[in-house]
Amino acid sequence: MRSPSRMWSLVASTLIMGLPLLWSSEASAHVKWFCAYNVAGAPQGLENVLCADFEWLVAVALVCLMFGCL
């Protein structure tokens with residue numbers, strides 16, 4: 001059985017983390033609403049999306065994940 005102080009800390013942390021949800025608006029999560037975006041246009045090819053920086057960051061993330069697993 002959990003101690004009462006642990007239960008109160010769980011309730012308090014849940015409330016503190018949940019309060020920002022009350023003040024969030026619908027548009028704050030959708031970046032494409034605030035910049036030019038052609039919905040009817042064709043998707044970009046991988047040669048336009050992938051770049052050296054992206055590949056480098058993926059490699060660093062994989063090394064970090066492998067190191068974390070070890």
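**Figure 1. Accessible surface of the predicted protein model.** The protein exposes about 7,000 Å², with carbon and sulfur atoms supplying 71% of it; areas come from the Shrake-Rupley method with a 1.4 Å probe, and for residues only the protein chains shown count as cover. Of the 70 residues, 0% count as buried, where buried means under 20% relative accessible area, exposed over 50%, and partly exposed in between. This is a predicted model, in which local features need pLDDT of at least 70, side-chain atom pairs count only at pLDDT 80 or more, and totals for chains, interfaces and linings use all residues. Residues are numbered from 1 along each chain as its sequence is written, and side-chain values use heavy atoms, leaving out hydrogens and water.

Figure 2. Mean pLDDT, the predictor's confidence in each residue from 0 to 100, is 78 for the protein, and 77% of its residues reach 70 or more. Confidence is lowest in helix α2 (residues 20-23), at a mean of 72, and highest in α4, at 91.

**Figure 3. Close-up of α4.** Helix α4 has 18 residues and reaches 26 Å from its first C-alpha to its last, close to the 26 Å expected, that is, 1.5 Å times one less than its number of residues. The count of buried residues in α4 is zero.

**Figure 4. A nonpolar patch on the surface.** Nine names to look for are Leu46, Val49, Leu50, Phe54, Val58, Leu62, Val63, Leu65 and Met66, which together have about 850 Å² of accessible area. Six residues, the largest share, come from α4. Val49 lies in helix α3 and, at 48% relative accessibility, counts as partly exposed.

Note on methods. Patch = residues over 30% accessible without salt bridge, like charges linked within 9 Å, V, L, I, M, F, W, Y side chains within 5 Å. Salt bridge = Lys/Arg side-chain N within 4 Å of Asp/Glu carboxyl O. Helix = DSSP H or I, 4+ residues; strand = E, 2+ residues; numbered from the N terminus. Buried < 20%, exposed > 50% of the residue type's maximum accessible area, 1.4 Å probe, protein only.
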